[in-house]
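Here is a short briefing to read alongside the model. Please have your viewer open as you go through it.

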Amino acid sequence: PAAVELRSVSKEYAVAGHRTPVIVDADLTIHRGEIVGVVGPSGSGKSTLLRLLSGQERPDGGDVLTEGEPLWRGPRQRSPRVPRRGWIMPVFQDPVTSLDPRWPLWRTITEPLVLRGGRLSRSQRRQHAAAALEKVGLGHINVTRTPGSLSVGECQRVAIVRAVIANPGLIVADEPTASLDVEAAANIASFLRALADEGAAVLVVSHDEQRLRSYADRVLRMREGKVT
Ligand code: ADP
Ligand code: ADP
C-alpha cells in the first residue's frame, strides 16, 4: 500500500456560524521514497491538507489511510491510529515555538528515540545528536547548547533533525526552508531527498516553488481547497 492516501477528503470550518469548506474532495497518494510538494496561494488550504495527512485534524468526509489502514475509524476515536509511535512526524513552520528553548540539543534531538522506547545513555544520546547535526551542516554546534541560544535558521534545522531521528514513515513539513539562507536551504533539500531515498514519504508545503521543483518528485497546486 501507499505510505499515505487521501480518498475524497473534505474539511469544513465554522466561520462566524457558517460552515465553510476548506478542503474539497481531495485525493492524494504518497508512496515511500517520494517527495511531494504543495504550493498555492495563502488561504488555499495547504496547512489544513498537511494537518489532515498528519492526523492533527480529522476529516469531515472521506478517508485518510496510512499503509492502507484508516487513521480514523469511529467518531469516538480520540487520536489517530498510526502504524507505530512516531511514524508520522510534522515539521512545523515556527521552530522557535516548537522547541523548548532551555533543553540542551542532545536532549531535544534524541527525545523521539526515547519516546519510542529506546534505552540510551546520556553519552549515546550526545553521540546520536552530534551525528544528526553533522548531517544538516551544524556539526560545529555543541550538543550542550540550547535552542534558545541558536538563530531561527539553526532552530529550524534542529527541528527537522529532531523530527526525523527515529525514522518516521511520513514526514510532513510546512515551509522547512523559509528562514534559511540559500546554502542551508539547499542542504535541507538534499537532506529531505536522502530521507526519501531511505524509504520515507515526504510532503513539503512551500511558497518557494522554484526550490521545491528542484528536489520534489512532483508538485501539486492547491486552489480554494482543491488539489490539482
Ligand atoms: P500559512 O499560509 O503561512 O501556512 P496559516 O496556515 O497559519 O499560514 O494561516 C493561513 C490562514 O488561516 C490565515 O489567514 C490565518 O489567519 C488562518 N487561520 C489559521 N488558523 C486559524 C484559526 N484557528 N482560526 C481562524 N483562522 C485561522
Ligand atoms: P494555507 O495554508 O494555504 O494558507 P490554510 O489551510 O491555513 O491555508 O487555511 C485555509 C482556509 O481555512 C483559510 O480561509 C483559513 O482562514 C481557514 N482556516 C484555517 N484554519 C482554520 C481554523 N482552525 N478555524 C477556522 N478557519 C480556519
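Which residue in S4 stands opposite Arg7? Asp63 does. Before the details, note that this is a predicted model, in which local features need pLDDT of at least 70, side-chain atom pairs count only at pLDDT 80 or more, and totals for chains, interfaces and linings use all residues. Residues are numbered from 1 along each chain as its sequence is written, chains are lettered from A and ligands numbered from 1 in the order in which they are written, and side-chain values use heavy atoms, leaving out hydrogens and water.

**The sheet**
- Strand S1 (residues 4-15) and strand S4 (residues 61-66) run antiparallel and are joined by 5 bridges; strands are DSSP runs of E, at least two residues, numbered from the N terminus, and two of them pair if DSSP finds at least two bridges between them.
- The open sheet has 4 strands in the order S2-S1-S4-S5, with antiparallel pairing.
- Strand S2 (18-30) and strand S5 (69-70) are at the edges with a single partner strand each, so one side of each has no neighbour in the sheet.

**Around ligand 2**
- The residues around ligand 2 include Tyr13, Val22, Pro41, Lys46, Thr48 and Arg51, where a residue counts if one of its heavy atoms lies within 4 Å.
- Helix H1 (residues 46-53) gives the largest share of this shell, 4 residues; helices are DSSP runs of H or I, at least four residues.

**Contacts with oxygen atoms of ligand 2**
- A polar backbone atom of Gly43 is 2.6 Å from an oxygen atom of ligand 2, a polar contact being a pair of N or O atoms within 3.5 Å.
- For Ser47, a polar side-chain atom lies 2.7 Å from a ligand 2 oxygen atom.

Key
Polar contact = N/O pair within 3.5 Å; in protein donor to acceptor, adjacent residues only side chain to side chain.
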